[in-house]
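Here is a briefing on one chain. It covers the cavity, strand pairing, aromatic rings and a few individual residues.

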Amino acid sequence: MCSSDLNSGTITGDGAGLVFGNVSAFGGGITNSGKITSTRPDGFGILVYSVSSFTGNVSNSGTISAHGTGLGVFNVTAFGGGITNTGTISAGTGILVSSSGAVSVFDSGTIIGSGGTAVDLSGNAPGSTFTLGAGYNITGLVLGQNGDSFQLGGTGAGTFNLSLISDVIASGCSSHCVQYEGFNFFNVVSGVWTTTGTFSGTETWNVNGGTLAGTGTFDGIQVNSGGKLEPGTPGVAGTFMTLNGNLAFQSGAIYLVNLGAATASRANVAGVASLGGSVNAAIAGGVSNRTYDILHEIGRAHV
């Protein structure tokens, strides 16, 4: 069994800056707060391969750069701990995980895929999770597959354009049609996320924690206990979120609306709305004693 590796300096390699492979178990993880570089045209910044059991996070808060792949994981049977990037990964392909157990990837840093792909999980076992945190900066495609989850999380406040994500990997395009492709489970798990644009899929987004806000258009949303929905631009009355399908609140969920002098923020729901949680109101100056429309149902609604 191999133990953890910690780098806070500078490592420059030919085929790879760091290599871990052909061991039954690797424990403790890999942490880089320095600089790791590969100079070969097809080289890896960090390469992990042929490991039966990998435990501990692969964490980068520094810089990883390579002409080939920044972080490559191949043939790792059980991948525990996940991959976390809060620094910078710049390579032909930023992160590539293939023929391995399901893995969680979190990014609130910078990933640059100069060859066109920033993160590729499409050749891996299904069940992987890709999570964006506030402050993320991604250049290139992020590819999942059927059974993988896309999440908005981390701490602080972030924004996401729903038009950039699809539940299928595009075909028939001269290039990929959107940036984030192939995922078919969608969650908000923490942070405050303001959405814009239109989600093209038919899947329901689950708010398991944190706050989902914004003027985006969804098919359906379910807000679970501990989650919060704030339709419209945060703090702005008179703005709205659109749902082409259903809206459901579970016990312990919060529906937050902003009230102004004459208008309120609201969700426009074309399907059925079921409110099982509680309603909170953020009240601006000049609010009058009047009735506000805080949930506009186009179809039948239970409020």
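## Cavity

The count comes to one cavity of 30 Å³ or more. A cavity is a set of points, on a 1 Å grid over the protein atoms alone, where a 1.4 Å probe fits but cannot get out. Grid points are joined across faces, edges and corners, and a volume is the space filled by probe spheres set on the points. This is a predicted model: local features need pLDDT of at least 70, side-chain atom pairs count only at pLDDT 80 or more, and totals for chains, interfaces and linings use all residues. Residues are numbered from 1 along each chain as its sequence is written, and side-chain values use heavy atoms, with hydrogens and water left out.

- The largest cavity holds about 30 Å³ of space.
- Its lining consists of Val58, Ser59, Asn60, Ile64, Leu71, Ile83, Thr84, Asn85 and Ile89 (lining residues have an atom within 4 Å of a point).
- Two or more lining residues come from each of β7 (58-60) and β10 (83-85). Strands are DSSP runs of E with at least two residues, numbered from the N terminus.
- By type, the lining residues of the largest cavity are five nonpolar, four polar and no charged. Ala, Val, Leu, Ile, Met, Phe, Trp, Tyr, Cys and Pro count as nonpolar, Asp, Glu, Lys and Arg as charged, and the others, Gly among them, as polar.

## Strand pairing

- Strands of a sheet pair through backbone hydrogen bonds, either parallel or antiparallel. Here, two strands pair if DSSP finds at least two bridges between them.
- Four strands make an open sheet in the order β24-β27-β30-β33, with parallel pairing.
- The edge strands of this sheet are β24 (217-218) and β33 (295-297). Each has a single partner strand, so one side of each is left without a neighbour in the sheet.
- Within the sheet, β27 (residues 240-243) pairs with β30 (residues 266-269) in the parallel sense over four bridges. Thr242 sits opposite Asn268 in β30.
- Strand β13 (residues 110-120) is joined to β11 (residues 88-98) by seven bridges, and the two run parallel. Thr93 stands opposite Thr117 in β13.
- β13 also runs parallel to β15 (residues 137-143), with six bridges between them. Ile111 stands opposite Ile138 in β15.

## Strand β23 and its partners

- Strand β23 (residues 210-214) has four of its five residues buried, so it is largely enclosed by the rest of the structure. Buried means under 20% relative accessible area, exposed over 50%, and partly exposed in between (1.4 Å probe, protein chains only).
- β23 pairs with β21 (residues 192-196) in the parallel sense over four bridges.
- β23 also pairs with β26 in the parallel sense over four bridges. Ala213 has Glu230 in β26 as its bridge partner.
- Thr195 belongs to β21 and stands opposite Gly214 in β23.
- Thr195 is buried, at a relative accessible area of 0%.
- Beyond four places in sequence, Thr195 touches residues including Phe160, Leu212, Phe218 and Met241. Contact means heavy atoms within 4.5 Å.

## Aromatic rings

- The structure holds 18 aromatic pairs. Rings of Phe, Tyr and Trp (its six-membered ring) pair if their centres lie within 6.5 Å; planes under 30 degrees apart count as stacked, over 60 as edge-to-face and the rest as tilted.
- Phe20 and Phe26 have ring centres 5.0 Å apart and planes at 70°, so the pair is edge-to-face.
- Phe20 is buried at 13% relative accessible area, and Phe26 is buried at 3%.
- One aromatic cluster is formed by Phe130, Phe150, Phe160, Tyr180, Phe183, Phe186, Phe199, Trp205 and Phe218.

## Two loop residues

- Where is Gly226? Gly226 lies in the loop between β25 (220-223) and β26 (227-231).
- Gly226 is exposed, at 53% relative accessibility.
- Leaving out residues up to four places away in sequence, Gly226 touches Asn208, Gly209, Gly210, Gly252 and Ala253.
- Asn244 is in the loop between β27 and β28 (247-249).
- Outside four places in sequence, Asn244 contacts Thr217, Phe218, Asp219, Ala270 and Gly271.

Terms used
1 Å grid on protein atoms, 1.4 Å probe; cavity = no way out; pocket = protein on both sides within 12 Å on 5 of 7 lines; lining within 4 Å.
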